[in-house]
Amino acid sequence: MTSSQILATSLGSVEFRRAYNLKYAYLAGSMYKGISSKEMVINMSKAGLMGYLGSGGMSLDRLVSDIQHIKQKLSPSETYGVNLLNSPDMPQLELQMVEIFLAYGVRYIEASAYLQISLPLVFYRLKGAFRDSNGHPRILNHVLAKVSHPEVAAVFMAPPPKEIVNKLVAMGLLTPGEASISDEVSVADSICIEADSGGHTDQGVAYVLMPTMLRLREETQRQYQYRNPVHLGAAGGIGTPEAASAAFILGADFIMTGSINQCTVEAGTSEKVKEMLQGINVQDTTYAPAGDMFEMGAKVQVLKKGLFFPARANKLFDLYSRYNSIEDIDEKTREQIQNRYFKRRFEDVWSETVSYYTTKGIKSIEELEINSKRKMALIFKWYFVHASRLAAAGDENQIVDYQVHCGPALGAFNQWAKGQATEFWQNRRVADLAERIMTGAAAHLDRKFHAFISSSALVKDSHR
């Protein structure tokens with residue numbers, strides 16, 4: 001019987017850990033508006049791990065400030081990343097973020113909410129690329145794409161679209177030398193497969209997605225013959241050692257956690273939210289419309305225990321689906337929304353919305369006013385932004401309207417942590433959770449491996 005031991009450092013891909021300079025094949029994913037905070041990123045980096053700053057919804061000034069703070073606290077050898085959220089309605093904002101990343105030497109980004117490849121993303125990926133003395137392509141900027149559909153994974157596994165590369169050269173953003181490498185590298189060097197996660201979700205199943213994506217990677221590698229194959233990771237539902245070990249057995253090169261990190265000391269949300277989260281179980285989340293993709297009917301997974309937000313958000317989407325304008329909705333329902341949901345009049349919400357869009361230079365007032373259904377959508381979408389702000393601030397007067405993105409992985413973690421110091425969020429540090437999950441996964445796999453070996457030996461003995 002073997003006496004070998006499975007170690008946390010042996011889980012996942014050695015090549016991935018080397019490329020990302022990590023102790024374990026473990027990442028902490030981004031959470032928008034700085035919930036995955038600069039403190040979270042620093043804590044992970046100091047432990048030889050990596051987290052992504054939640055830049056979605058941040059002002060550019062705050063993004064720069066947070067990156068500067070992170071760089072001041074870390075040594076050049078300590079790795080960190082920043083989220084890049086796809087902004088199809090604001091491509092200039094996405095480009096500005098990429099320019100900030102390049103200016104401050106951000107070498108790792110997490111690309112999320114992409115359905116197709118954008119110009120800013122290709123710009124980031126190829127900028128600074130060169131050939132070494134052997135003529136091999138070298139890429140300075142690492143892109144990890146979070147996806148849940150094989151079709152989207154396929155475009156990230158492919159080389160950057162030629163028309164985008166040519167446009168970047170014509171704009172003077174890429175040199176011909178940088179562009180020449182585009183045929184030999186994939187858009188993303190790592191892809192994280194999101195099963196049913198907190199926040200934006202397509203309610204995918206890890207046991208279905210991972211084998212499919214692994215086969216897609218094999219096909220892509222045969223087609224393009226990359227020098228460095230794309231790494232595949234797993235996210236969604238990972239909050240315990242058992243879940244982590246299942247991901248690695250399925251073939252994940254790395255894992256990424258999310259929901260469990262929102263209930264830590266470093267998470268950039270209110271103490272009230274953390275108190276609520278530390279007490280949930282696996283059944284205490286549900287689905288609601290996604291505020292940023294409201295018209296498309298996209299879903300987010302959110303906390304439901306003790307909250308009215310999920311029901312109210314779904315009611316708003318139902319009204320949007322049935323009516324063409326605010327005025328078409330019956331008066332009783334309109335009053336309910338204004339008095340109970342919004343706690344302000346539609347006119348005030350609309351005034352704030354117009355001010356936001358005109359400040360951003362995205363739409364003129366006339367364009368916003370002319371389409372009554374679009375206007376209704378924008379008024380309803382205000383509630384989602386408001387609900388997130390309430391949660392982040394810990395507003396005691398409107399607790400029931402908190403929007404808290406969360407998946408059942410946190411409920412599973414809470415049950416595992418019962419009776420331990422980490423039962424309480426004040427004792428949860430993001431890097432400590434990573435250590436506990438990875439060492440626990442290794443120990444779990446080791447026990448199972450030796451149990452299988454023992455069982456096999458017994459079966460052989462019985463057949464003699």
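**Salt bridges, a surface patch and a pocket**

Mentor: The side chains of Asp318 and Arg322 meet in a salt bridge, with 3.0 Å from N to O. This is a predicted model, in which local features need pLDDT of at least 70 and side-chain atom pairs count only at pLDDT 80 or more, while totals for chains, interfaces and linings use all residues. Residues are numbered from 1 along each chain as its sequence is written, and side-chain values use heavy atoms, with hydrogens and water left out.

Trainee: Why is the contact of Asp318 and Arg322 called a salt bridge?

Mentor: A salt bridge is a side-chain nitrogen of Lys or Arg within 4 Å of a carboxyl oxygen of Asp or Glu. The value here is 3.0 Å, so the pair meets the definition.

Trainee: How are Asp318 and Arg322 placed in helix α12?

Mentor: They are four residues apart in α12 (residues 309–322), and therefore separated by about one helical turn. Helices are DSSP runs of H or I with at least four residues, strands are runs of E with at least two, and both are numbered from the N terminus.

Trainee: What makes Asp318 partly exposed?

Mentor: Buried means under 20% relative accessible area, exposed over 50%, and partly exposed in between (1.4 Å probe, protein chains only). Asp318 has 31%, so it counts as partly exposed.

Trainee: Which residues are linked with Lys38 in a network of salt bridges?

Mentor: Lys38 is linked with Glu39, Arg62 and Asp66. Between Glu39 and Lys38, the closest N and O atoms are 3.5 Å apart. Glu39 is partly exposed at 38%, and Lys38 is also partly exposed, at 21%.

Trainee: How far apart are the closest N and O atoms of Lys46 and Glu78?

Mentor: They are 3.3 Å apart, in a salt bridge. This pair links distant parts of the chain, 32 residues apart: Lys46 is in helix α2 (residues 38–46), and Glu78 is in the loop between α3 (60–73) and β3 (81–85).

Trainee: How many salt bridges are there by this rule?

Mentor: The count comes to 21.

Trainee: Where does Val205 lie?

Mentor: Val205 lies in the loop between β9 (199–201) and α9 (206–224). Its relative accessible area is 44%, which makes Val205 partly exposed.

Trainee: By class, what does the lining of the second largest pocket have?

Mentor: This lining has seven nonpolar, six polar and nine charged residues. Ala, Val, Leu, Ile, Met, Phe, Trp, Tyr, Cys and Pro count as nonpolar, Asp, Glu, Lys and Arg as charged, and the others, Gly among them, as polar.
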